[in-house]
Amino acid sequence: MEVFYHSTRSGEVQVRASQAILKGLSEDGGLFVPDHIPALDKDIKELAEMDYRQVAYEVMKLYLTDFTEEELKGCIDRAYDSKFDTEEIVPLAEAAGAYYLELFHGPTIAFKDMALSILPHLMITSARKNGVKNEIVILTATSGDTGKAALAGFAEVEGTRIIVFYPKNGVSPIQEKQMVTQKGANTLVVGIHGNFDDAQTSVKKLFSDRELAAEMAGKGYQFSSANSINIGRLVPQICYYVYACGRLLAEGRIAEGEQVNVVVPTGNFGNILAAFYAKNMGLPIGKLICASNENKVLYDFFSTGTYDRNREFILTASPSMDILISSNLERLIYRIAGNDPEQTAKLMAALNGEGRYDITEDMKAALADFYGNYATEAETEAEIRRLYEECGYVIDTHTAVASAVYQKYRKETGDEAKTIITSTASPYKFTRSVMNAIDPEHDAKGDFELVDELSKLSGVQVPNAIEEIRTAPVLHDRQCEVGEMKDVVREFLHL
Ligand SMILES: *Cc1c(COP(=O)(O)O)cnc(C)c1O
């Protein structure tokens, strides 16, 4: 049965999967949602026999129904290949009684790779299917992680170009080095003299600049966005939950029909929403445990039914979760409002205006599968240390937030169900915080010195992604003022 995509904010929009991927966001500002959540058409025992690519096909074919088998398998094979440093793609590590699903074995050693390694191929295929002849130009503002993952995904993908703007003095040295050493003639990385908000605001303006769009169309280009609300990023994230449950069954760690809980360190609400979709497809998932850092908007939301972004923004050691507006939550709101676009639009307008909204009692009751909590900075650090001391397993700061919240959940509820904790970044991505937690006395200073120390302590080999940038030449040294971003784009595209 074909799955069509509607906007969360109006009942009029109906597009095919490939069109939703090309557009990214609906014109009314809403997010694309499937008209129903399809059920898995293979049982879990069968899925448990499959490798990652096969599982990915079984899941994605149910959502991207206008892709042919050949097209979809082609995208999957090009995405989940030797770019990942393990055959398994997403290994499951058992430590201190929980299962850590390691989503960080891709090219940038963080979980954004799971979606961004396939999105470029889905996008090119979508363009071809819809008769789009233009080259696709991806424009991104980044505070660090997403930029590199998008660069790695789109580099050298024929028919695409990618331009990344980052705040020149607003990313970590390792993050900057990762970006400015990016290879690929279709890539451009530019440091702007301004902060992330300046970059983001200007990028949004460029997206809606009609004059620029016309100029680009004349030369055979059009913009598209790789940001996390694209359905082409959400769907690939459902696959690893199905794969993980399959592994647990195949290895005899759960019985058929036994439910597992899932804990997700949450920022934009994409990863945990994918788990929610997986559960609704029939996967044996029990609780969906939403873990926040000190920016605990979501914890407050799940406990009170009020979403309120009016608060201080706190910089934490888990920066990818420092978010006050979790964009993907809109898809859950739409669902618990009974797929009602008017009510969703009203709540999102309130969020835009007053920065807050309240959901109804009925909507609250529909959230029973979720549990929210948060971990403070001290609790996060202590959790990294505990796991290291108890079993020698080293986790990054984001994963530690999830792991600490899992401890709170168990204590509070006594629920001893088997649990998957999604591990969203390699500890080598946040080496300084991790080292401070496991060896507070260390005297390593430079970033690479810290990497070597961590390798010695953990016995885990330094990932290629880090080894490479130690010696890689800088290929991008362009800088510009915020007001010059449009000129930089025009120059790169020879307009
Ligand atoms: C993006 C990110 C998250 C948050 O994921 P969402 O899908 O935005 O909720 C958590 N951890 C890491 C390391 C990330 O990069």
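Val260, Val262 and Val264 point one way from strand β10, Asn261, Val263 and Pro265 point the other way, and all of them are buried (buried means under 20% relative accessible area, exposed over 50% and partly exposed in between, with a 1.4 Å probe and protein chains only). Welcome to a short tour of this predicted model, in which local features need pLDDT of at least 70, side-chain atom pairs count only at pLDDT 80 or more, and totals for chains, interfaces and linings use all residues. Residues are numbered from 1 along each chain as its sequence is written, and side-chain values use heavy atoms, with hydrogens and water left out.

**Strand β10 and its partners**

- Strand β10 covers residues 260–265, and six of the six are buried, so the strand is largely enclosed by the rest of the structure. Helices (H or I, at least four residues) and strands (E, at least two) are DSSP runs, numbered from the N terminus.
- On one side, β10 runs parallel to strand β11 (residues 285–292), and five bridges join the two. Strands pair here if DSSP finds at least two bridges between them.
- Within that pairing, Pro265 has Ala291 of β11 opposite.
- Strand β15 (residues 419–423) is also parallel to β10, joined by three bridges.

**The crossover through helix α12**

- A right-handed β-α-β unit is made by β10, helix α12 (residues 270–280) and β11. Right-handed means that, with the strands pointing away from the viewer, the path from the first strand over the helix to the second runs clockwise.
- Helix α12 is mostly covered, with ten of its eleven residues buried.
- Among the buried residues of α12 are Asn271, Ile272, Leu273, Phe276 and Tyr277.
- Just after α12, Gly282 has a positive phi of about 110°.

**Around the ligand**

- Which residues are the closest to the ligand? They are Lys112, Gly267, Asn268, Asn271 and Thr424, out of 15 residues that surround the ligand (a residue is near a molecule if one of its heavy atoms lies within 4 Å of it).
- The shell around the ligand divides into five nonpolar, eight polar and two charged residues. In this scheme Ala, Val, Leu, Ile, Met, Phe, Trp, Tyr, Cys and Pro count as nonpolar, Asp, Glu, Lys and Arg as charged, and the others, Gly among them, as polar.
- An oxygen atom of the ligand has a backbone N or O atom of Asn268 at 2.7 Å.
- For Phe269, a backbone N or O atom lies 3.0 Å from an oxygen atom of the ligand.
- The side chain of Thr424 places an N or O atom 2.8 Å from a nitrogen atom of the ligand.
- On its own the ligand has 380 Å² of accessible area, and the protein covers 97% of that (areas come from the Shrake-Rupley method with a 1.4 Å probe; for residues, only the protein chains shown count as cover).

**Two residues with positive phi**

- Most residues other than glycine have a negative phi.
- Phe269, in the loop between β10 and α12, has a positive phi near 75°.
- Is Phe269 buried or exposed? Phe269 is buried, because its relative accessible area is 1%.
- Asn339, in the loop between α14 (329–336) and α15 (341–353), has a positive phi near 55°.
- With a relative accessible area of 40%, Asn339 is partly exposed.

**Other sites to look at**

- Glu176 belongs to helix α8 (residues 173–180) and is buried, because its relative accessible area is 19%.
- The side chains of Glu176 and Tyr166 make a polar contact at 2.6 Å. A polar contact is a pair of N or O atoms within 3.5 Å; within protein, one must be able to donate a hydrogen and the other to accept it, and residues adjacent in sequence count only if both atoms are side-chain atoms.
- Ser458 is part of helix α20 (residues 447–458) and counts as buried at 14% relative accessibility.
- From Ser458, the side chain reaches the backbone nitrogen of Val460 at 3.1 Å.
- Asp443 sits in the loop between α19 (431–438) and α20, and at 60% relative accessibility Asp443 counts as exposed.
- C-alpha to C-alpha, Asp443 and Glu453 are 9.5 Å apart in space, while they are ten residues apart in sequence.
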